[in-house]
Amino acid sequence: MKYSQLFIQTFKETPVDAQIISHQLLHRAGFIQKSGAGLYNYSPLMVKVIQNAMTIIREELSKINALEVSLSLATPAELWKESNRWEELGDLMIQFKDRLDRDLCLSPTNEEAVVDYFRKVAKSYKQLPVNLFQINTKFRDEIRPRFGLMRAREFAMKDAYSFHVDKTCLDNTYTAMFDAYSRIFERMGLNVMAVEADGGAMADSGAKTHEFHVLADTGEDELIVCKEEGWAANSEMAQTKRPDITYNDLQGPIELVETKNNHTIQELSLFLNEKESHCLKSVVLKGKKEHKQAYIMACCLGDDEINISKCMKHSAITQLECANEDDLDTLGLTKGVVGPVKLDHKEIHIIIDSHVKEEASFIVGSNKKGFHIKNVTIKRDIATYQQADIRMAKAHDVSMNGNSIDLCRGIEVGHIFQLGDKYTKALKASVLDHHGKSLYPLMGCYGIGVGRAIAAVVEQLADENGIVWPKALAPFYIAIIPLKSKDEIIANAAQRLYEKAQGMGMNVIVDDRHVSPGFKFKDADLMGFPIQIIIGETFKEEESVEVRWRQSGKKEKVNMHDCLKKLKEERF
C-alpha cells in the first residue's frame, strides 16, 4: 500500500469528548471516525487491524474444534419472549416492528438465537458436545456510551456457545476455552489477568465465570487481587472482610431521636457524636422479578457502600437500580430517613450485609421526617430479613483468610461463563439421551469484544508519540520512509524495496508523500507501525538504510539488500 492511496486523515487535535488514550489516538491516527453517540466508522487502517484480530480468534478457536456460524443481527421477539427476556433486556435493545407489524430487535446478545439454531438441528446426545461461534455486529443501547470503542453502542463481538450432556463435558470445554482465550490475548500482545466474576443477566445464578482484564488506570472495572492466595475477582462478586470494626454492644430499648436535617451518615455521625460504623446505611433499590416490580432495602454499616450486583445475586431480582422519590412515596418511605424497622411492606425484601452484627445496637432511619431510631438490634427489632455479603470491598480490607489484598482497575476484554440449562429449558431445546429420554443440554457462553480488545492494546502499549501496535495486529508491519520523495534516487530505492517486500509476502506501506521528513516520522509513530525503514542520504553513499523499531526505539544501520531478509527471518 502507498500512503498516498490510503484515504485517511490524521489530526493534531484531540476530540473534546475523548477522555482516554485509546479514543484519542485511534481518532488522531485516522483509525476511527465518530458517526454518532457511541457509533464509529472504521477507516481502511482500522479494518485491517480488526481483520488481524479476527484471524487470531478464528485460528485459536479452530484448534479446539469450534464451528463458525453467522446469526442474524435482527431477531424476532418470539425468541426473547420464550426466554422471558423481551421485557428484561428491553431498555438495552432497539426494538422495532417490520412492515407486517412483527416485533423484532437488534440483538445485544445471541443466547436465544443460537439455541433456536441448535434446536432445529440437534436431536440426539450423539451430536454433542458442539461449540458454535460467530464474529458479528451487536447493538446495545447504552445509557452513557463513552470512552470510544470501550463502550460503544454498535460493536464487533466474538460470541461462542457450547452445548453438553453433562457438567463434566461442560467443564472440559470451559477449560479449553479458557486456555484458548489466554492464547488469543497473548497473540494480540495483551497482558491480561483472569478474574472470577459475576455472570450478570446473561447467566444463571451460581454460574462458573471468569473475566479477562487488561490492567489499566482507565479501566471501568475495579478488581480485587490477593497475591498471597493467588486469586483475583471483580469487585462485583469479591468477598472480603474488614479487620477494624468496632460495634456498640450496649443494648437498650429503641428510642426515637430528633435529627433535624441531618440525613447523610457523615452528618448523622457528627450530630449524634457516634461512629459511622454504629449507624446503618439503608438504600432502597428497585428491579424486576418475574416481570413484576420488586423492591429491596439493602443495609450495611454506615461507612460501607452497597454493592448492587451482589444484591441482585442474593435476591434473584434483576435490573436493580436506586429507587427515586416517587418510588419512596409509593412505598410510604421518606427520603433521608429510610430504615428497616417496623417495615410492614411485604413487597420490600430486606437484605442486611454480613458485616452487620445481629446483636449489636445501631442508629437507623425512622421513616419519619427529621427523626432516626437509636438502639436498634437487628435480631430483636427486624422481623424478616436476609443476611448476605452485599458491601463493596475496600482498599484496607483483607481476604476471608486474613491476607492482604490490592485494588486495581481493569478493562474487560473477554468473558466466559457457564449458563447451565437456563436457555435450553426456556426454549425447549432438548435432545434424546442414551436412554431415549429428553435431556436439556447444559450451555457455556464465551465472549470477546473485538473493538474493545483492540482499544485495550492501545491503552496498554501506547507511548507519548502515539500507538504501538504488536506485529500480529499492525495494519502494516513495515513502513518504508524515503526522506526525500522528490529525490529520484531515494524515491526509486523506496519503490524497489517496497516491491521486493510485497514479493516476499510482507505487510508493508511506503510513505510516498511529498512532505517533510518530520511529518512522515510523526505520522509513522502516531499510527504505530512496528518497523520503520528509513532511506536517506546515506543510501546514496553506501546503499545502507536505517531500521527503527517503534516499541523499543532501537535503531540499526544495515545494507538495504539485506534488511528485508533479516526482518523476514527475525534475525535482528
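**Figure 1. Surroundings of isoleucine 135 in the predicted model.** In this predicted model, isoleucine 135 touches Met54, Ile57, Arg58, Glu68, Met157, Lys158 and Val450, leaving aside residues up to four places away in sequence. Isoleucine 135 belongs to strand E7. With a relative accessible area of 14%, isoleucine 135 is buried, because the limit for a buried residue is under 20%. Methionine 46 is 89 residues from isoleucine 135 in sequence, and the C-alpha atoms of these two residues are 16 Å apart in space.

Figure 2. Helix H4 spans residues 111–119 and is mostly covered, with seven of its nine residues buried. The buried residues of H4 are Glu111, Glu112, Ala113, Val114, Val115, Asp116 and Phe118. The loop between H4 and strand E7 (130–139) contains proline 129. The peptide bond that runs from leucine 128 to proline 129 is cis, and its omega is near 0 degrees.

**Figure 3. The aromatic pair of phenylalanine 178 and phenylalanine 212.** The count of aromatic pairs in the model comes to seven. One of them joins phenylalanine 178 to phenylalanine 212 in a tilted arrangement, 5.2 Å centre to centre and with 50 degrees between the planes. This pair links distant parts of the chain, 34 residues apart: phenylalanine 178 is in helix H5 (residues 167–187) and phenylalanine 212 is in strand E10 (residues 209–215). Phenylalanine 178 counts as partly exposed, at 23% relative accessibility, whereas phenylalanine 212, at 1%, counts as buried. Ring pairs also bring in Tyr181 and Phe185, which form a cluster with Phe178 and Phe212.

**Figure 4. The aromatic pair of phenylalanine 476 and phenylalanine 529.** The rings of phenylalanine 476 and phenylalanine 529 pair edge-to-face, at 6.1 Å centre to centre and 75 degrees between the planes. Phenylalanine 476 lies in the loop between helix H11 (450–461) and strand E25 (478–482), and phenylalanine 529 in the loop between helix H13 (517–527) and strand E27 (531–535), so the pair ties together parts that are 53 residues apart in sequence. Both phenylalanine 476 and phenylalanine 529 are buried.

**Figure 5. Helix H13 and its covering elements.** Buried residues in H13 are Lys520, Asp523, Ala524, Asp525, Leu526 and Met527. The elements that cover the buried residues of H13 include helix H1 (21–28), helix H2 (44–63), E25, E27 and strand E28 (544–549). Just after H13 comes glycine 528, with a positive phi of about 80 degrees.

**Figure 6. Charged side chains over aromatic rings.** Arginine 513 places its charged end over the ring of tyrosine 3, at 3.7 Å from the ring centre. Over the face of tryptophan 549 lies lysine 554, at 4.7 Å from the ring centre.

**Figure 7. The second largest pocket and its lining.** The second largest pocket holds about 450 Å³ of space. Its lining is made up of 22 residues, of which Lys281, Ser282, Val283, Gly336 and Val338 are the closest to the pocket centre. Helix H6 (265–272), strand E14 (280–289), helix H8 (325–331) and strand E18 (361–365) each contribute at least two residues to this lining. Strand E14 supplies the largest share, five residues. Sorted by class, the lining of the second largest pocket consists of twelve nonpolar, seven polar and three charged residues.

Figure 8. Lysine 342 is not a glycine, yet has a positive phi of about 55 degrees. The loop between H8 and strand E17 (348–353) holds lysine 342, and this residue is exposed, with a relative accessible area of 68%. Asparagine 367, also not a glycine, has a positive phi of about 65 degrees. The loop that contains asparagine 367 runs between E18 and strand E19 (371–377). In contrast to the exposed lysine 342, asparagine 367 counts as buried, at 18% relative accessibility.

Conventions:
Residues are numbered from 1 along each chain as its sequence is written. This is a predicted model: local features need pLDDT of at least 70, side-chain atom pairs count only at pLDDT 80 or more; totals for chains, interfaces and linings use all residues. Side-chain values use heavy atoms; hydrogens and water are left out. Rings of Phe, Tyr and Trp (its six-membered ring) pair if their centres lie within 6.5 Å; planes under 30 degrees apart count as stacked, over 60 as edge-to-face and the rest as tilted. Helices (H or I, at least four residues) and strands (E, at least two) are DSSP runs, numbered from the N terminus. Buried means under 20% relative accessible area, exposed over 50%, partly exposed in between (1.4 Å probe, protein chains only). A charge sits over a ring if NZ of Lys or CZ of Arg is within 6 Å of the ring centre and within 35 degrees of the ring normal. On a 1 Å grid over the protein atoms alone, a cavity is a set of points where a 1.4 Å probe fits but cannot get out, and a pocket is an open set with protein on both sides within 12 Å along at least five of seven lines; lining residues have an atom within 4 Å of a point. Grid points are joined across faces, edges and corners, and a volume is the space filled by probe spheres set on the points. Ala, Val, Leu, Ile, Met, Phe, Trp, Tyr, Cys and Pro count as nonpolar, Asp, Glu, Lys and Arg as charged, and the others, Gly among them, as polar. Contact means heavy atoms within 4.5 Å.
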